Amino acid sequence: KPITITLNGCPVEADPKETLLNVARRCGVDIPTLCDHKAILPYGACRLCVVDVKRGGRLKLVIACVYQPGEGDMVETQSDRVRHTRRLVLELLLLRCPQVARIRRLAGEYGATPARFQLPEGTATGERCILCGLCVRVCKEVIGQSAIGYYSRGGSRRITSPLGVESEQCIGCRACIHVCPTGALHFEDQGGERVMTELHTRLSMVKCRMCGVSFAAEKQLAGLKGRTAVL
């Protein structure tokens, strides 16, 4: 049964099982996010999609990508408190990843500058990874390989292969690269091998029988054959 909520002053029908972010998108209301991807269940990692929700006289900040609205919710996506919170998040992201164009663009929209903060001692500068976890989760939940994960903690935490050595689980499908919102992961096809840079992994590639050009990793094709055989 559909419910009715108020979105930026306008009544809107919503499915109680859909997220507030999906409702807003369906209604043409823009809510910024870096960690949302349609192939992966919502996780709420980047915290950019915060909105104000008033229910029963109580006002609270919620994460739109994981929040499921209720009957009568009053939602504001551009209140002063919402914009202030997003600006704070962007200042921290900009401090960590100053070279990422997408973050710089959002920071400009919200007037965010990193001048108020300093990185903890020992933190790598010039990062592109925001630790949103999309790559880790697509590898585990969609591809089913768990070839990539988190290493270390605090300011030195980063995404890499387990134990920082060559990953036996990686099949070179590049799903992690495709879902990354900041271009932090890389690969290169060279000399008949696919090199997954951050995974410290080299994979043999298969050549096209017609043109002789390498087009996919052997492990990736073997995995596809296994799945289609089951189907």
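These legends describe close-up views of a predicted model.

**View 1. The second largest pocket and its lining.**
The second largest pocket has a volume of about 220 Å³. Its lining includes Arg96, Glu127, Arg128 and Cys129. Arg157, Arg158, Ile159 and Thr160 also line this pocket, as do Ala184, Leu185, Glu198 and His200. Strand β7 (residues 158-160) gives the largest share of the lining, three residues.

Helix α4 spans residues 134-143 and is mostly covered. Seven of its 10 residues are buried. Gly144 follows the helix, with a positive phi near 80°.

**View 2. The salt bridge between Arg25 and Asp36.**
The model has eight salt bridges. In one of them, the side chains of Arg25 and Asp36 meet at 2.8 Å, N to O. The pair links distant parts of the chain, 11 residues apart. Arg25 belongs to helix α1 (residues 20-26). Asp36 sits in the loop between α1 and β3 (50-55). Arg25 has 42% relative accessibility and so counts as partly exposed. Asp36 also counts as partly exposed, because its relative accessibility is 25%.

**View 3. The salt bridge between Glu109 and Arg105 in helix α3.**
A salt bridge joins the side chains of Glu109 and Arg105 (3.0 Å, N to O). Both residues lie in helix α3 (residues 101-110). They are four residues apart, so about one helical turn separates them. Glu109 is partly exposed, at 44% relative accessibility. Arg105 is partly exposed at 46%.

**View 4. The salt bridge between Arg202 and Glu193.**
Arg202 and Glu193 form a salt bridge. Their closest N and O atoms are 3.0 Å apart. Arg202 has a relative accessible area of 44%, so this residue is partly exposed. Glu193 has a relative accessible area of 26% and is likewise partly exposed. The cut-offs explain both labels, because partly exposed residues fall between the buried limit of under 20% and the exposed limit of over 50%.

Conventions: Residues are numbered from 1 along each chain as its sequence is written. This is a predicted model: local features need pLDDT of at least 70, side-chain atom pairs count only at pLDDT 80 or more; totals for chains, interfaces and linings use all residues. Side-chain values use heavy atoms; hydrogens and water are left out. On a 1 Å grid over the protein atoms alone, a cavity is a set of points where a 1.4 Å probe fits but cannot get out, and a pocket is an open set with protein on both sides within 12 Å along at least five of seven lines; lining residues have an atom within 4 Å of a point. Grid points are joined across faces, edges and corners, and a volume is the space filled by probe spheres set on the points. Helices (H or I, at least four residues) and strands (E, at least two) are DSSP runs, numbered from the N terminus. Buried means under 20% relative accessible area, exposed over 50%, partly exposed in between (1.4 Å probe, protein chains only). A salt bridge is a side-chain nitrogen of Lys or Arg within 4 Å of a carboxyl oxygen of Asp or Glu.
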